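Dear colleague,

I am passing on the structure that we talked about, and my notes on it follow below. Please read them with the model open beside you.

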Amino acid sequence: DNSVTGEEKPNVVTDADYVPPIYDDTTCVPQPVDPTPNPFTFTDITGAEVNTLYTSNSVTITGINIPVAISVTSGKEYSIDGGAWVSAAGTITNGQTVRVRQTTSGVYNNANNATLTVGGVSDTYTVTTRVASAVTVNYDINYNIDPFVNTGLVFRRNGVEVGRIIA
């Protein structure tokens, strides 16, 4: 009987603790566990519209041989292999693709960041809103000396009368 009553078995590996060895396909030699992915890069956006949802380029996670943790900064979302958009931490495996998305700021010329972390390696997807457009306002000032109309100055903004000084 292998059971121990009232005590834990010493040196017992549970299913949750067990990491199976990884073998090289050509030599059948166990390989070390590699939980650190190669660096990945998102392409930043400038000149974006305000209050608009933007999605990053897709990056492929490489350089790992076990599933690793993935997370994104609060308020942002990621999608693995075109699946559902999520904001909660999860796991990703070698060769899977991931994208992030975020809504831009409601302020012109403002950067908004979404940082994705995979197995301890991070990159930030930055979307910067465009500079506000200049608004041109034309003002006209006319002096009216018609004896049948009140004499004075007429002020117009973009062709619309906005004021008058009667002399």
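Is Ser79 buried or exposed? Ser79 is buried, with a relative accessible area of 1%, where buried means under 20% relative accessible area, exposed means over 50%, and partly exposed is in between, for a 1.4 Å probe and protein chains only.

Before the rest, some notes on the source. This is a predicted model, in which local features need pLDDT of at least 70 and side-chain atom pairs count only at pLDDT 80 or more, while totals for chains, interfaces and linings use all residues. Residues are numbered from 1 along each chain as its sequence is written, and side-chain values use heavy atoms, with hydrogens and water left out.

To return to Ser79, its place is in strand S7, strands being DSSP runs of E with at least two residues and helices runs of H or I with at least four, numbered from the N terminus. The side chain of Ser79 reaches the backbone oxygen of Gly83 at 2.7 Å. Leaving aside residues up to four places away in sequence, Ser79 touches Ala84, Trp85, Thr97, Val98 and Arg99, a contact being heavy atoms within 4.5 Å.

Turning to charged side chains, the structure holds two salt bridges, each defined as a side-chain nitrogen of Lys or Arg within 4 Å of a carboxyl oxygen of Asp or Glu. In one of them, Glu49 pairs with Arg130, and the closest N and O atoms are 3.1 Å apart. Because Glu49 lies in the loop between strand S3 (45–48) and strand S4 (53–55), and Arg130 in the loop between strand S11 (121–129) and strand S12 (139–144), this pair ties together parts that are 81 residues apart in sequence. Glu49 is partly exposed at 37% relative accessibility, and Arg130 is also partly exposed, at 22%.

A salt bridge also joins the side chains of Glu77 and Arg101, at 2.7 Å from N to O. Glu77 lies in strand S7 (residues 77–80) and Arg101 in strand S9 (residues 97–103), so this pair ties together parts that are 24 residues apart in sequence. Glu77 is partly exposed, with a relative accessible area of 25%.

Finally, a search of the whole structure finds two aromatic pairs, counted when ring centres of Phe, Tyr or Trp (its six-membered ring) lie within 6.5 Å, with planes under 30 degrees apart called stacked, over 60 edge-to-face and the rest tilted. The rings of Phe40 and Phe42 have centres 5.9 Å apart and planes at 75°, so this pair is edge-to-face. Phe40 is buried at 6% relative accessibility, as is Phe42 at 3%. Ring pairs link Phe40, Phe42 and Tyr125 into a cluster.

Notes: A polar contact is a pair of N or O atoms within 3.5 Å; within protein, one must be able to donate a hydrogen and the other to accept it, and residues adjacent in sequence count only if both atoms are side-chain atoms.
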